[in-house]
Amino acid sequence: AGVSYAIRYNISRADYVQRVTSGITASVQPSAFLGTKISVCKGASVLSRAVSASISRQPLVAPIRAQGVAAPADTKAPTTTKKTDTKSTVIITGASSGLGLATAKVLADSGEWHVIMACRDFLKAERAARAVGMPKDSYTVIHCDLSSLNSVKQFVDNVRQSGRPLDVLVCNAAVYLPTAKEPRYTADGFELSVGTNHLGHFLLANMLMEDIQHKENDTNRRVIIVGSITGNTNTIAGNVPPKANLGDLRGLAGGLDGVRSSVMIDGGEFDGAKAYKDSKVCNMLTMQEMHRRFHEKTGVTFASLYPGCIATTGLFREHYQLFRTLFPPFQKYITKGYVSEEEAGKRLAQVVSDPTLNKSGVYWSWNNQSNSFENELSQEASDAEKAKKLWEISEKLVNLS
Ligand code: NDP
Ligand code: PMR
């Protein structure tokens, strides 16, 4: 794969190896890039497949090197890992496109934030950061695949070894599988939408609480979990079928594996659109449960939000082409719920850093004049008993209890 890559992009084998190894040495454990051991043949082919898949559309103009991730002692220390850096640090999952990338850009441009882009596709993230013009030393890409609990743990290790004290975590990444006929699964065997959007973030946020709460003398420590209007059945959007409904959580309790239990949280038949909306309800319930469990003890602020309908993002990549064509004008001219990625990025950046948005336990929304307000969640998305039960089952599934 290395040779064919080198031929295809007209670079030397040595340069190819350097590009790949710069990614490898960027990981804390020299053998762990993309969460895969690359010192053995199987891993190497996985790595090169990932590399060629993600660069197949466009050749590299300059070598892309992983930066800012803690490196083993015998490799050159990356220039962005400075413990003396006075910037605050924010982790944004899924910062390689859409809302996550737009938010990363706003925060990086402010000069006050160092953004850790927690992404499953290293090269895509690095290229995206460059394409939107994020200053070189304003961000670090660290691999994180939320559909693998091991990858999440490896990511947390890498963040810790980078030596950056953590201020804010933004759980933003998501998958939406509206046209899937059959369920897909995470590495740990959970239905993919809930496994990624909820369980991956649940483990990540729980593990990183330790790091966020230990930051001294800082009042701006936050955990933000992106929610959505479509998970809230107290809205028109939330009443478009299939509606979110977690039921009594019997499918989740069974492990969402499609063998011992249903793949749907409520125990029903697989429906990709419903699984996504259910996962958003889980995100909003988790934020409130974290608020109840940790806010008073730690001073950390917990928040969720609906940033507006960002109808152009990659979230709809698996939807029918007709939907993807009609959805933006429908949202722009009919529902008037449309916002650009740029505007949505400014909104999420406010929830990260605006001192006036530091109230904990809030689900933020914005009116047509782009003013933020505390919105009301649906009955299910604000059900404290369900949130507790969801928490306890999720803890078991990700092996935290
Ligand atoms: P995008 O598809 O543009 O962004 C989603 C991001 O999640 C991508 O960077 C994607 O990575 C990443 N991702 C997906 N799976 C994984 C994984 N297993 N591990 C790590 N990262 C992963 O969609 P949006 O920007 O629209 O979505 C961002 C958030 O906004 C989501 O939480 C969504 O629910 C929410 N939201 C979106 C709305 C909208 O109208 N678009 C409305 C309300 C809420 P990659 O680039 O590699 O694919
Ligand atoms: Mg919806 C009335 C306002 C409104 C808003 C703000 C949204 C947001 N939607 C609204 C209304 C409607 N939608 C109506 C009346 C319909 C029926 C024609 C409709 C349909 C619809 C579909 C098929 N809408 C959708 C879909 C999707 O596949 C999207 C989805 O559910 O993704 C999970 C979606 C969305 N509508 C929104 C928003 C924000 C989404 C997508 C994103 C999300 O919740 O993350």
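R160 is partly exposed, with a relative accessible area of 34%, where partly exposed lies between buried (under 20%) and exposed (over 50%), using a 1.4 Å probe and protein chains only. The model is predicted, so that local features need pLDDT of at least 70 and side-chain atom pairs count only at pLDDT 80 or more, while totals for chains, interfaces and linings use all residues. Residues are numbered from 1 along each chain as its sequence is written, and side-chain values use heavy atoms, leaving out hydrogens and water.

R160 forms a salt bridge with D211 (a side-chain nitrogen of Lys or Arg within 4 Å of a carboxyl oxygen of Asp or Glu), the closest N and O atoms being 2.9 Å apart. Because D211 lies in helix α7 (residues 192-213) and R160 in helix α6, the pair ties together parts that are 51 residues apart in sequence; helices are DSSP runs of H or I with at least four residues, numbered from the N terminus.

Helix α6 (residues 149-162) reaches 20 Å from its first C-alpha to its last, close to the 20 Å expected at 1.5 Å a residue, that span being 1.5 Å times one less than the number of residues. Its buried residues include L149, F155 and V159, and just after α6 G163 takes a positive phi of about 80 degrees.

By the salt-bridge rule the count comes to 14, among them these:

| Pair | Closest N and O atoms |
|---|---|
| D109 and K105 | 2.8 Å |
| D211 and R160 | 2.9 Å |
| R293 and E289 | 2.8 Å |

D109 and K105 both lie in helix α4 (residues 98-110), four residues apart. In helix α9 (residues 272-298), R293 and E289 are likewise four residues apart, and E289 is buried at 6% relative accessible area.

Conventions:
Chains lettered and ligands numbered in written order. Helix = DSSP H or I, 4+ residues; strand = E, 2+ residues; numbered from the N terminus.
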